[in-house]
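Here are my notes on the structure you sent. They are written for someone who has not looked at it before.

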Amino acid sequence: MSSAKSLLIRHAQIILPSGELMVGDVLTRDRQIVEVAPQISTQTATSEIDATGLTLLPGVIDPQVHFREPGLEHKEDLFTASCACAKGGVTSFLEMPNTRPLTINQEALDDKLQRASNKCLVNYGFFIGATAENLPDLLTAKPTPGIKIFMGSMHGQLLIDHEAALEKIFSQGVSEAPAKQARLIAVHAEDQARINQRRQEFAGIHDPAIHSQIQDNEAALLATKLALKLSKKYQRRLHILHMSTAEEAELLRQDKPSWVTAEVTPQHLVLNTSAYEKIGTLAQMNPPLRSPHDNEVLWQALRDGVIDFIATDHAPHTLAEKAQEYPNTPSGMPGVETSLAVMLTAAKEGKCTIAQVVQWMSKAVAVAYGIPNKGAIAPGYDADLVLVDLNTYRPVRREELLTKCGWSPFEGWNLTGWAVTTIVGGEIVYDKGKLNTQVRGQALTFL
């Protein structure tokens with residue numbers, strides 16, 4: 001056997017790429033899975049885990065997070081966020097460009113990649129943000145999973161709320177290559193003109209529940225319709241971020257080209273407008289929480305494949321910031337620590353299967369973003385893995401959270417499927433409550 005680091009996981013309940021469950025062993029070496037079998041008896045490894053009673057899943061790939069570095073590190077930074085990822089079973093993330101400075105050119109992208117290489121316990125990738133002025137950068141900056149467009153709920157350079165400006169981005173590079181193969185465009189789909197109008201209509205109301213009426217279902221639907229229209233016109237690869245409404249889901253059910261994908265957050269599946277009464281401004285996010293009817297339609301769209309995968313939109317703010325009076329409160333909530341447990345708890349409740357959770361939180365993300373060798377437990381795939389306990393329920397406790405903001409919208413929820421051990425590149429980064437902060441993830445590549 002080579003002298004390379006190797007890890008042998010024994011007696012795990014393994015979720016295979018087929019979705020079937022097999023009790024067996026997994027051997028990793030040189031950051032990759034080298035063998036999956038009912039029993040691996042002839043190998044010795046530098047490390048060994050007895051996973052009896054635990055379920056082995058591919059590590060979660062969270063394709064939409066806001067980790068706040070550089071410029072807003074009082075809310076979160078790449079180190080604290082990656083610690084929270086490791087605790088939550090998230091082994092890779094894709095981060096958004098609304099930091100300070102904005103990630104809108106190669107220099108800013110390189111800066112983030114350098115910071116991540118020094119700080120991140122898990123794997124990482126960073127979106128390039130679209131402005132009205134940086135069209136050349138949108139084609140040349142690399143490596144990046146895609147172009148992020150804020151159609152609404154944004155201010156300054158990153159707000160692109162006019163169709164003519166959007167069309168320039170969607171049409172860019174189409175003549176040089178098949179548009180479906182051109183760089184992915186991911187949209188935050190809310191109509192800024194409607195939001196502005198409704199802010200005036202509801203001015204002076206300080207109940208945070210009004211947020212869901214100001215940025216209503218119609219604001220989301222208008223923007224998604226426009227993005228879909230431009231995507232179809234240029235046959236341009238489109239991803240719809242954090243879809244939140246029944247109307248958008250039904251639109252895609254009727255009209256979803258093969259080159260269009262969509263995601264939903266756990267929040268929009270399991271929380272709704274009733275959360276404002278319980279947790280106030282902690283429930284405020286963009287796009288906002290919706291009705292129980294929206295919850296149900298989104299669940300069905302996810303199960304049917306109309307919605308392709310899960311993302312958290314982890315967007316932390318401090319408790320002091322959230323304690324301000326609406327509308328002065330910032331929108332956003334943390335999620336990377338709880339997303340897998342929330343979804344596995346839903347699976348135990350019969351809303352979906354464990355295999356579907358794996359598909360939505362690992363494999364489908366890797367496929368959509370062209371991330372090679374991620375999202376499955378099979379030889380040749382990267383050894384990014386998480387062992388979870390599906391038999392023990394524990395509440396979400398504020399004092400146990402690793403995110404710098406120190407709170408969760410799910411505080412007090414009794415969840416199962418918590419990560420027991422998280423493995424990044426064949427190295428144990430989190431185990432039974434303890435982090436190995438010496439582990440470093442790698443920059444993701446995008447085919």
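Predicted model: local features only at pLDDT ≥ 70, side-chain atom pairs only at ≥ 80, totals over all residues.

1. Four cavities of 30 Å³ or more are found in the structure.

2. The residues lining the largest cavity are Lys87, Arg394, Pro395, Val396, Arg397, Glu400, Leu401, Trp418, Ala419 and Tyr430. Two strands, β16 (394-395) and β18 (418-424), each contribute at least two residues to this lining. Sorted by class, the lining of the largest cavity has six nonpolar and four charged residues, with no polar ones.

3. Around the second largest cavity are Pro58, Gly59, Ile61, Thr91, Lys374, Gly375, Ala376, Asp382 and Asp384. The classes in the lining of the second largest cavity come to three nonpolar, three polar and three charged residues.

4. Now the rings. Searching the whole structure gives seven aromatic pairs. One of the pairs is Tyr124 with Phe126: the ring centres are 6.1 Å apart and the planes meet at 40°, so this pair is tilted. The cut-offs behind that word are 30 and 60 degrees: planes under the former count as stacked, planes over the latter as edge-to-face, and the rest as tilted. Tyr124 and Phe126 are both buried.

5. Another pair is made by Phe127 and Tyr369. What is the angle between the planes of Phe127 and Tyr369? The angle is 85°, with 5.9 Å from centre to centre, and the pair is edge-to-face. Phe127 belongs to the loop between β8 (123-126) and β9 (128-129), while Tyr369 belongs to helix α14 (residues 354-369), so the pair ties together parts that lie 242 residues apart in sequence.

6. Are Phe127 and Tyr369 buried or exposed? Buried means under 20% relative accessible area. Phe127 has a relative accessible area of 0% and is therefore buried. Tyr369, with a relative accessible area of 3%, is buried as well.

7. The last point concerns a charge and a ring. Lys148 has its charged end over the ring of Phe150, at 3.8 Å from the centre of that ring.

Note on methods. Residues numbered from 1 in each chain as written. Heavy atoms only, no water. 1 Å grid on protein atoms, 1.4 Å probe; cavity = no way out; pocket = protein on both sides within 12 Å on 5 of 7 lines; lining within 4 Å. Points joined across faces, edges and corners; volume = space filled by probe spheres on them. Helix = DSSP H or I, 4+ residues; strand = E, 2+ residues; numbered from the N terminus. Nonpolar A, V, L, I, M, F, W, Y, C, P; charged D, E, K, R; others polar. Phe/Tyr/Trp six-rings, centres within 6.5 Å; stacked < 30°, edge-to-face > 60°. Buried < 20%, exposed > 50% of the residue type's maximum accessible area, 1.4 Å probe, protein only. Lys NZ or Arg CZ within 6 Å of the ring centre and 35° of its normal.
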